[in-house]
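Here's a quick walk through some helix packing and the nonpolar core. Keep the model open while you read.

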Amino acid sequence: MASIPYWRLSGFYLFYFAVLGAVAPFLGLYFDHLGFSAERIGELVAIPMLMRCLTPNLWGWLGDVTGRRLAIVRIGALCTLLSFSLILFDKRYAWLALVMALHAFFWHAVLPQFEVITLAHLRHQAARYSQVRLWGSIGFILAVVGLGGLFERFGLDLYPAALMAIMAGILVASAWVPDAVPEQRPEPIAQGGFIRQLCRPDVLAFFACVGLMQVSHGPYYTFLSLHLEALGYGRGLIGLLWALGVVAEILLFLVMTPLLARFSLRQVLLASFIIAAVRWLMLGTLADHLSVLLVAQLMHAATFGSFHAAAIHFVQRSFGHRQQGQGQALYATVAGIGGALGALYSGYSWASLGPLWTFAIASLAATAAAVIIAIPTQENRV
């Protein structure tokens, strides 16, 4: 790892996913603190995910055309901070919806382009991506544990300022990272352009599974903290439970290189989807039992860790070097569509059907992904 800027890359991931650690467990709680209903909370949480459906492709195309991916990352980090600071001026629904959309437009420009930069630095050491990415998981843990204790002691009114401080860390980290361009790999003429590469059956099946997997995460990212708080868990413990899932994710990242050497990407993805289907049922039915909840959180190693690592490798292998930015952006876009649909459906079903059926629907979505990925295709590259 000495030949790559390991700590600079890792520092960026630490701050970027610390933002996610501040958003996933606490954004719904913050909107609930402001007095919004479950339906409105689901809509507000879905807005950044809907922006993820649009903006990564725009920024990905721009990055591939100009080659200035690091500039896009830095501009996106700065504009994310400035646009989110608008939350300090008003707390009405329409204004918050605008803030959610505006900051997400820039925030979602950042990660897909940075993934391309990271893989460009790694080059022939791409299997070591997980060793860099695990620092994002560490950032997530620091955020959920630290903010959980902070909010339990001082209340959620501090939430906007805490999130802005972490966003400032992304900006500083992006200024510290050196640029890199993807390796110029020889591309067969038959490979074609981006659309032709996308239309291969194995690639289409993969992206369908990505969307379904993110749909299944809707109740988890939108309502898990509210669900656990309603069951009597304190905010400090809720933060620790979120952190436990990410600790499991880190341990998975540490062994991801030998796992990918032993198992195919298809096998890793299939296992991730099956474990996700079981996990959502556990959270919907038995979350009041702490022992079951602990096991369900440890399963995050598969439902996010192995799934994400395998997905990043799949995208890199499936697209030529001139389409890497668009490939990673499309992955973010499809994940955004799935996440937005998951947040929206869970917002409405949570109020009408309750936690059990909301998580049951999530389990069905993960099961559908498992069925799709298990079906062999003629051009199977996973």
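## Helices α1 and α6

α1 and α6 are oblique to each other, since angles under 35 degrees count as roughly parallel, over 145 as roughly antiparallel, 65 to 115 as roughly perpendicular and the rest as oblique. Their axes come within 6 Å and cross at roughly 40°; axes are lines fitted to C-alpha atoms, for helices over the stretch in contact, and angles run from 0 to 180 degrees between N-to-C directions. Helix α1 covers residues 6-23 and helix α6 residues 129-154, with helices (H or I, at least four residues) taken as DSSP runs and numbered from the N terminus. The crossing is right-handed, meaning that the near helix is turned clockwise from the far one by less than a right angle.

Before going on, a note on the source: this is a predicted model, where local features need pLDDT of at least 70, side-chain atom pairs count only at pLDDT 80 or more, and totals for chains, interfaces and linings use all residues. Residues are numbered from 1 along each chain as its sequence is written, and side-chain values use heavy atoms, with hydrogens and water left out.

What does α1 bring to its meeting with α6? Its residues include Tyr6, Trp7, Tyr13 and Phe17, and on the α6 side you'll find Trp135, Gly136, Gly139 and Phe140 among others. Contact here means heavy atoms within 4.5 Å.

## Helices α16 and α17

Now look at α16 (residues 324-352) and α17 (residues 355-374), which pack at about 150° with axes 8 Å apart. That makes them roughly antiparallel. On the α16 side, Tyr345, Ser346, Ser349 and Trp350 make the contact, and α17 supplies Pro355, Thr358, Phe359, Ile361 and Ala362.

Trp350 is buried, at 16% relative accessible area (buried means under 20%, with a 1.4 Å probe and protein chains only). Leaving aside neighbours within four places in sequence, Trp350 touches Phe223, His227, Pro355, Thr358 and Phe359.

## The nonpolar core

The largest nonpolar core has 129 residues, and Phe207 is one of those with the most contacts inside it. Such a core is a set of buried Ala, Val, Leu, Ile, Met, Phe, Trp, Tyr and Cys residues joined through side-chain atoms within 4.5 Å.

How values were computed:
Helices (H or I, at least four residues) and strands (E, at least two) are DSSP runs, numbered from the N terminus. Buried means under 20% relative accessible area, exposed over 50%, partly exposed in between (1.4 Å probe, protein chains only).
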